[in-house]
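Subject: A two-chain model for you to look at

Hi there,

I am passing this structure on to you, and I hope you enjoy exploring it. Please open it in your viewer before reading my notes.

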Amino acid sequence: MQTHERDLGLRRLKRITLLCGVGAGTLAAAFAGLAARSLPGKHTVATVRRPSQVQNRTATPPPLVPVQAASAAPAAPSAPPVASSAPPVVVSGGS
Amino acid sequence: MTVSFPALGTTATLSVVDPERVTEARAALEHELSLVDAACSRFRGDSELARVNAASGRRVAIGAYLAEALHAALRAAAMTSGLVDPTVGRSLRLAGYDATFQLVRARDGATFRPQFERAAGWGSIELDDAQRTVRLPPGVELDLGATAKAFAADRAACAAADAAGCGVLVSLGGDIAVAGDGPAGGWPIGVGDDHAAGSDCCIAVETGGVATSSITVRRWRAGDAELHHVIDPRTGRSADTRWRTVTVAAASCLDANIAATAALLLDDAAPGWLAARALPARLVARDGTVERSTGWPEAA
């Protein structure tokens, strides 16, 4: 009788140990997948960079010169011109 | 005292307040003219610009003068949203302006067949200030006609005034800059369609510059059509505009010239664009009617 109960207890313990092992493995796999998704490794970075490198080769390069802001405008004179009756020294016209 | 002489395929005029200092002022002007011609001429095979245009996509080392002139051209493009674009060189050449204007005018244009190609756009120019190099994509050609003369006039006026120690006026084909203390009442300047012809009115300026853009000059025959040198970079064709001549006064000759050329290309939008920038301007329509922006004297 004692031997039978001991065998039953051992089988129960074996089943629990097996279930714990399977559960631990499942949890480890789940956590590993979660970690891989939230902290991408080297392979993911390389995949992201490759298309941007291709884009850099084909896009028109921006001017390297620091062109003044497009909002800049031709500046007005400090004093506007006035009408004159004097003989002109020169003519401003097309050339 | 005023002297005039041929330069840059047009006329250079120098006026000085003190006639005894004209020699020094003229030497300074001629030095500036030699610099701009060697750097920016599209028709001199040995110019820096010709070398850049022929580089077929290679990076080219350039001198300080061309670097500054390119800055001025890029600034013009930025200020006008690309209307005044230095990459119209190829468009001009294909349209027939492919040699000095004396040669273009002299040839028989009846059999010439122009091609029209829009400009590549100023964003395609790679100017490296640190290395002082420039690179154009293959097929892109520069023309600095819209800015280089005015840029040179501003520089020459400052250099001549420094050398002479008195007020000077410099005109390069009607692109006018003044520097130093001018005559009482300002420099009297005529305004018209053609700098080499008579003027329609006269203004006086004390500072800055005055420039005129006109479609009545530098015209050539191309088959059945007549073309002119103000190219619209969006189409590669001579600008189709209601204005025949626009004159602008600004803080510098360069700014005046940029605004005058942009106004021609802006067509109906020109008066509003000029007014928004408080630029005194005189606009002559094709039918001869005159509009003046705020700041331009009513009597002129």
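This is a predicted model: local features need pLDDT of at least 70, side-chain atom pairs count only at pLDDT 80 or more; totals for chains, interfaces and linings use all residues.

Below is what I found, starting with the overall picture and then going through the chains.

For chain B the mean pLDDT is 94, and 100% of the residues reach 70 or more.

**Chain A**

Chain A has two helices and two strands, and along the sequence they come in the pattern α-α-β-β. Of the 95 residues in chain A, 12% are buried.

One residue to look up here is A:Pro80. You will find A:Pro80 in the loop between helix 2 (42-58) and strand 1 of chain A. A:Ala32 is 48 residues away from A:Pro80 along the chain, and the C-alpha atoms of the two are separated by 75 Å.

**Where the chains meet**

How many residues of each chain are in contact with the other chain? On chain A there are 33, and they are in contact with 65 residues of chain B. On the chain A side, the elements that give two or more residues are strand 1 (82-83) and strand 2 (90-94). Strand 2 of chain A provides the largest share, with five residues. Sorted by class, the side of chain A that touches chain B has 24 nonpolar and nine polar residues, and no charged ones.

Strand 2 of chain A also pairs with a strand of the other chain. Its partner is strand 8 (residues 187-194) of chain B, and the two run in the parallel sense over four bridges. To see one of the pairs, select A:Val90, whose bridge partner in strand 8 of chain B is B:Ile189.

**The eight-stranded sheet of chain B**

In chain B, eight strands form an open sheet in the order 1-2-6-7-10-15-16-17, with antiparallel pairing. Which strands stand at the edges? They are strand 1 (2-7) and strand 17 (290-292) of chain B; each has a single partner strand, so one side of each has no neighbour in the sheet. On average, neighbouring strands of this sheet are turned by 10 degrees against each other, direction ignored.

Inside this sheet, strand 15 (residues 243-250) and strand 16 (residues 281-285) of chain B pair in the antiparallel sense over five bridges. Here B:Trp243 stands opposite B:Ala285 of strand 16.

Helix 6 (residues 148-164) of chain B lies across strand 2, strand 6, strand 7 (175-179) and strand 10 (209-214) of chain B, and runs at about 155 degrees to strand 6.

Helix 1 (residues 22-40) and helix 3 (residues 64-79) of chain B have axes that come within 9 Å and cross at roughly 80 degrees. That angle makes helix 1 of chain B roughly perpendicular to helix 3 of chain B. In their contact, B:Leu35, B:Ala39 and B:Cys40 of helix 1 meet B:Tyr65, B:Leu66 and B:Ala69 of helix 3. The residues of this contact divide into six nonpolar, no polar and no charged.

Strand 3 pairs with strand 5 (residues 133-135) of chain B over three bridges, and B:Val60 stands opposite B:Val134 in strand 5.

Finally, strand 11 and strand 12 of chain B form a hairpin with two residues between them. In its turn, B:Gly223 has a positive phi of about 65 degrees.

Happy exploring!

Technical notes. Residues are numbered from 1 along each chain as its sequence is written. Chains are lettered from A and ligands numbered from 1 in the order in which they are written. Two residues are in contact if their C-beta atoms, placed from the backbone, lie within 7 Å. Ala, Val, Leu, Ile, Met, Phe, Trp, Tyr, Cys and Pro count as nonpolar, Asp, Glu, Lys and Arg as charged, and the others, Gly among them, as polar. Two strands pair if DSSP finds at least two bridges between them. Axes are lines fitted to C-alpha atoms, for helices over the stretch in contact, and angles run from 0 to 180 degrees between N-to-C directions. Angles under 35 degrees count as roughly parallel, over 145 as roughly antiparallel, 65 to 115 as roughly perpendicular and the rest as oblique. pLDDT is the predictor's confidence in each residue, from 0 to 100. A residue is buried if 20 or more other C-beta atoms lie within 10 Å of its own, exposed if 12 or fewer, and partly exposed in between; C-beta atoms are placed from the backbone.
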